[in-house]
Amino acid sequence: MESSIKCCYVSDQAADLHLGKDIAFLQSRAGKIYYAGNGIKYGLQETGTTWMELVLPESIVQMSVGVEYVLFRAGSGHAWIAGGDDGRRAGKLRRLTTVNRRKTLSISSAASSYAYVTDNGRASIALGKTHAVAISKQGYVYTWGLNNLNQCGRTEQAPTSLTPSPRRRGSVVACEPSEHLFVKDIPSYCAQCGLCSARGAACPLPAFTRKTGTCTCGPGDTTCLRLSLHFPYPVPFIKTSCRCGLCRACGESSQQQPKPSSDTPTRTHLAPARVTIVKNQVNVKVKLKIAPLFSLVGKIDFQVSSVSCGNFHTILLAADGSVFSFGSNCHGQLGTGDVRSKTEPQLVVLPADVQVVQVAAGANHTVLRTSLGAVFTFGAHKMGQLLRPAEDESHWHATPGRVPGFGPGCESFATWIGAVGDATLIHSHTSLLHSDDVIDAQLVASKYDLFIFPRQVGKEYVAIRRKNGYFAHHQLGPSGLYTSWCLESQYDILWSYNAAEVRVQAYSIHLATPN
């Protein structure tokens, strides 16, 4: 598809904001996408500080921006991708072709990889710099990837001789024979022998078609889809360059190859496994149970609703509002009050009256938003990303602290948060009137309009269109203290009577509020 771009003034309310190295993408509540900055890498224009609308065929409900890729997902399950190089339209915005052309439920992009979840897979996916976390529809947590900094939130014993670590055959990182994953789908060409994975040398297609990666000779066995270093396949699918890629014949023949004596066991890279977190309400104890991917062994007493990944740490939000963290803790980004390494998920201790509804992980810090619009932060702080003053304690930044100016007792409350690199993003609303002001105010209303006139000097009156929620606010000045109001709904006339000046005036409400 060819993308359409037009210059615009962003009047829609923001729903999400993602920052790249030289570009920012904004998603509005109406599902429109805007961008500003240098978009040449993604096949877009360089706009400087001017916001441009990126016109897509459908309204967007989710977007994700990484170093190499940016992805957009519509509510219908269709997705679009820009950046990278697929061999045909390098970098340009194009429709994302999913496995078996299934609809997408979730997308994620980080570092030089991207991932998506199809409608026959997990509910959501998040990528860190070297690890991945998937949340199933039942609230199960799966982790895999590099675990040198406890990114996967679990530990595994060193493998025995029955499950040796991957080994390199020529230029191919091969799985062990028992770890290969072959499925019936679209065949592709073996990374070892170069033949069709379904029909081998009997494939009727000419050899020059092999540069496309997949073979169109018909359905059959795929090459090995297990990713031997970082990421699994097919659910969720992750674009990366470390797939095994052997056909069944080459994979089975590798069983006869002796293992090199210099190949030492390692569990630095963990295979996909489920992390079951059982929360004990009495002593706040966390237990872990690890089961193979797609296994339903054991009872799950703790469900996760959303996840966010930093460079080397992960933040989980439970269905009951509890927050758990695991991974690197060198900057205090786990919120445990210290910077010591942890091998298991940690419960983030928050005040009893705090109900967290959104979590966001930056490169090395964490941001939490509560149901009352307050914001808590912890982790790396030298770039000012915690938005709160330093304290005397040595590990003050490793304990969740509230950001001043948001939530109960403040005029502003956060409605959305984000964290990208060393930056913290907060979308907030400011209260024009407090509850006490409304109680003492004079209210006049009709079927279509509502006017609130505070009885205090310096307070603005508010005019609200009840049908669409549009509002305007204006100063009345000292004369407003002596003025009574009446709304004549038949002719949309607002009458005022100033007792101090003994003056009657009439206003058209169409001039006082926006269309």
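Modeller: A residue counts as buried when its relative accessible area is under 20%, and as exposed when that value is over 50%. Residues in between are called partly exposed. Please keep in mind that the structure above is a predicted model.

Biologist: With which residue does Asp449 form a salt bridge?

Modeller: The general idea comes first. Side chains of opposite charge can pair when their charged atoms come close. In this structure the partner of Asp449 is Arg465, and their closest N and O atoms are 2.7 Å apart. Asp449 belongs to strand 33 (residues 449-453) and Arg465 to strand 34 (residues 460-465), so this pair ties together parts that are 16 residues apart in sequence. Arg465 has a relative accessibility of 13% and therefore counts as buried too.

Biologist: How many salt bridges are there by this rule?

Modeller: The count comes to 6 salt bridges. Two of them involve Asp338 and may be read together. Asp338 pairs with Arg340, where the closest N and O atoms lie 3.2 Å apart. Asp338 also pairs with Lys342, and there the corresponding separation is 2.6 Å.

Biologist: Let us turn to nonpolar side chains. Which residues touch the most other members of the largest nonpolar core?

Modeller: That core has 18 residues, and those with the most contacts to other members are Phe25, Ile33, Tyr42 and Phe72. Several strands give two or more residues to this core: strand 3 (23-28), strand 4 (33-37), strand 5 (52-55), strand 6 (60-65), strand 7 (69-74) and strand 8 (79-83). Another core lies apart from it and has 15 residues, including Ala126, Ile135, Val275 and Ala318.

Biologist: Which residues form a nonpolar patch on the surface?

Modeller: Trp495, Tyr497, Val502 and Val504 form such a patch, and together they have about 410 Å² of accessible area. Tyr497 sits in strand 37 (residues 493-498). Its relative accessibility is 37%, so Tyr497 is partly exposed.

Biologist: How many aromatic pairs does a search of the whole structure find?

Modeller: The search finds 8 aromatic pairs. A pair of aromatic rings is described by the distance of the centres and the angle of the planes. Here Phe453 is buried with a relative accessible area of 3%, and Tyr461 is buried at 12%.

Biologist: Which residues do ring pairs link into a cluster?

Modeller: The cluster consists of Phe451, Phe453, Tyr461, Trp485 and Tyr507.

Biologist: Where do arginine side chains lie over the face of a ring?

Modeller: Two cases can be named. Arg95 lies over the face of Trp80, 5.8 Å from the ring centre. Arg274 lies over the face of Tyr140, and there the distance to the ring centre is 4.7 Å.

Biologist: Where does Leu387 lie, and what is its phi?

Modeller: Leu387 lies in the loop between strand 28 (375-379) and strand 29 (401-402). Its phi is positive, near 60 degrees. Leu387 has a relative accessibility of 40% and so counts as partly exposed.

Terms used. Residues numbered from 1 in each chain as written. Predicted model: local features only at pLDDT ≥ 70, side-chain atom pairs only at ≥ 80, totals over all residues. Heavy atoms only, no water. Core = buried A, V, L, I, M, F, W, Y, C linked by side-chain atoms within 4.5 Å. Buried < 20%, exposed > 50% of the residue type's maximum accessible area, 1.4 Å probe, protein only. Helix = DSSP H or I, 4+ residues; strand = E, 2+ residues; numbered from the N terminus. Salt bridge = Lys/Arg side-chain N within 4 Å of Asp/Glu carboxyl O. Patch = residues over 30% accessible without salt bridge, like charges linked within 9 Å, V, L, I, M, F, W, Y side chains within 5 Å. Areas by Shrake-Rupley, 256 points an atom, 1.4 Å probe, with all protein chains shown as cover. Phe/Tyr/Trp six-rings, centres within 6.5 Å; stacked < 30°, edge-to-face > 60°. Lys NZ or Arg CZ within 6 Å of the ring centre and 35° of its normal.
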